[in-house]
Amino acid sequence: MELRAYIIRRLLLLIPVLLGVTLFIFGITMFFSPIQRATLYVTNLRQLANLPAIIEQYGLDQPLVVQYGTWLGQVLRGNLGWSNVANMPVSEAIWHFLPATLELAIFATPLIILIGIFLGSTAAAHKDSPVDHGTRVVAIVGWSLPTFWLGLILLMVFYGYFRGFLPPSRLSIQMDMVVNSAEFIRYTHINTIDAILNLNGPVFLDALRHIILPVITLSIVNVAFIMRLMRSSMLESLGKGYILTARAKGLAEKVVVNKHARRNALIPVITVSGYLFAALANGVVITETIFNYKGIGWWAWQSAFRLDIASVLGFALFNAVLFVLVNLVVDILYTRVDPRVRLGGSVQ
Amino acid sequence: MTDWRFMARQLARNPMSLMGIIIIVVFAIIAIFAPLIAPPPEGHWNPNPYMIPRDGYSATPQPPSEEHVFGTTEGQYDIFYGVIWGTRTAFQIGLVVIGIVVAIGIVLGSLAGYFGGVLDEVIMRITDIFLAFPALILAMAIVSAIGPSVRSVMIALAVVSWPSYARLIRGDILQVREEDYIEASRGLGASSGRVILRHALPNAIYPTLVMASLDIGAVVLAAAALSFLGLGAPEGYADWGQLTSFARNWIVGPPGDSLKYWYAVTIPGLFILLFVLGWNLLGDAFRDILDPRLARR
């Protein structure tokens, strides 16, 4: 019951935040004149002659409040303007490019979480040992790595030095033809999954070969992040009274670490999945750009680079809404894992 | 109150933070003496020393030689000159952004924390809105709206990072707000401004300030990423991110010599890595010292 009240309260709190987010994006469009803003809706060159009509249609010369209302109405109906880069409406472009990015996330997320948790708790369990110092150095170097540079170095070695072993882009030309042929059914547009569903081995291997380097690039920085968090959380949990009790009972150290300390140390890591979403969203822009991997991040970069403002703002809005929802889910999960949060009534 | 001498001793004893300090000092020396280490050549093509001298216009990078110690990158920009003057750019971006962000954070954070109530609610809900965006994506949107330049990058990074500092400082102020000495100075008739400036802030924010200053590494990393994406410095400006992006077309050499242009990719990136690493090493050590939960073990 308490939980339901909590969820309802959180959902109500979402409304002002989402309104604020739209207001903020709308504010950025105000850097531009009505004519420039009208061009965000232009779908082909012939329409440029009709700019006054577009200004009229979207009310771009109306008072600010009216304009915001009209704009918000359009956004709620899914009209985010026209993407010149993708040559389709922005909202369609998002769905068009999303599967490729999801494919990266599907592989990277479990990898990041599992390796991060394992390394972090191992380091904490052996505090101040060579294992601890070693993992800490690795983590801090990983945390300081410029993602774009790491990607280039990986390409230099695995694409350049090992003669095309792990190439950039999403698929080789031959496999791209297979994927786009009539026999190959694209259920999800996620290549590896589609390949399995179509029982097509070569496509699967080719897709995998293309995805390895971007996934590594995305993962290293975030593994370092989760590891660091898990280490300090685990250290805190190892210092608690129940650990002393468990040890005093004569439990094996392995059981104490794995069953008692690690389970409790995992709680803050759940909260971090929210941050992880943001980190991945930021990371795919750079990673996809370097590997010429045509997902949503690549599209966002192309748009920013070619000053396709409608796409950039649409992308930012999409990410903000998603991020807010992810955080909501995380907070609700958190109350299930840690009942203390519910008693307090607020999450800070 | 934190004992500064104790803290300094802790930092100097820890090999990792010592390493961090050394790295930062070396970079500071490079930045200060940039005009001596890499003097702009006679008859430089541009009066602005931050513009990297170029030796011709050919696209192909040239390997390290006596004349160009680190070689040249695409467009014959001298890599050595670029990374040396790029150190100045890095410090400049880091210091300016952190300065702005801390200033905004102190003002809004202490207003929210000290007065509480509606003001607190409003300020915190505004930070919620800013924090609803993944930072780099929002920075990208801002830069593309106001036009790419080093200044835009600094503005964008300040806009996306002030909310977390405002929240931290608000939390610090909340912790000391109910202390007896605050109550006492209020009782003596001191104005709110005086209580905040003279009593609350000095006792609350030093740890936050230290952590903020160590975020310079993170700021420089984000700025380099924006620059790499082509949203930062104008072409030819001494900037590590841009120097790395020049090398994008040259990661694979000709057949039989695939690592031919290694210097163009590797060197600017190494400078970014080391700079950020220096700050992070120091920051990590600080976090351990400041975290009382860990100190007891």
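Trainee: Which hand does the crossing of helix 7 and helix 9 of chain B have?

Mentor: Helix 7 of chain B passes helix 9 of chain B in a right-handed crossing, where a crossing is left-handed if the near helix is turned anticlockwise from the far one by less than a right angle, and right-handed if clockwise. Helices here are DSSP runs of H or I with at least four residues, strands are runs of E with at least two, and both are numbered from the N terminus. Keep in mind that this is a predicted model, in which local features need pLDDT of at least 70 and side-chain atom pairs count only at pLDDT 80 or more, while totals for chains, interfaces and linings use all residues. Residues are numbered from 1 along each chain as its sequence is written, and chains are lettered from A and ligands numbered from 1 in the order in which they are written.

Trainee: At what angle do those two helices pack?

Mentor: Helix 7 (residues 150-177) and helix 9 (residues 192-204) of chain B pack at about 115°, and their axes are 9 Å apart; the axes are lines fitted to C-alpha atoms over the stretch in contact, and angles run from 0 to 180 degrees between N-to-C directions.

Trainee: And which residues meet there?

Mentor: From helix 7 of chain B come B:Asp172, B:Ile173, B:Gln175, B:Val176 and B:Arg177, and they meet B:Ala200, B:Asn203 and B:Ala204 of helix 9 of chain B, a contact being two C-beta atoms, placed from the backbone, within 7 Å. These residues divide into 4 nonpolar, 2 polar and 2 charged, with Ala, Val, Leu, Ile, Met, Phe, Trp, Tyr, Cys and Pro counted as nonpolar, Asp, Glu, Lys and Arg as charged, and the others, Gly among them, as polar.

Trainee: How many helices and strands does chain B have?

Mentor: Chain B has 14 helices and 0 strands, and its C-alpha trace spans about 75 × 45 × 35 Å along the principal axes. Of its 297 residues, 47% count as buried, meaning that 20 or more other C-beta atoms lie within 10 Å of a residue's own, whereas 12 or fewer make a residue exposed and anything in between partly exposed, with C-beta atoms placed from the backbone.

Trainee: How many residues of chain B are in contact with chain A?

Mentor: There are 46 residues of chain B in contact with 47 residues of chain A. The elements that give two or more residues to this side of chain B include helix 5 (117-131), helix 6 (135-146) and helix 13 (262-290) of chain B, and by class this side has 31 nonpolar, 8 polar and 7 charged residues.

Trainee: Switching to chain A, what is the phi of A:Arg163?

Mentor: A:Arg163 has a positive phi of about 35° although it is not a glycine, and it lies in the loop between helix 7 (147-161) and helix 8 (173-179) of chain A. A:Arg163 is exposed, with 10 other C-beta atoms within 10 Å. In that loop between helix 7 and helix 8 of chain A we also find A:Ser169, with a positive phi of about 70° although it is not a glycine.

Trainee: Where is confidence lowest in chain A?

Mentor: Confidence is lowest in helix 15 (residues 340-344) of chain A, at a mean of 54, pLDDT being the predictor's confidence in each residue, from 0 to 100. Chain A averages a pLDDT of 86.
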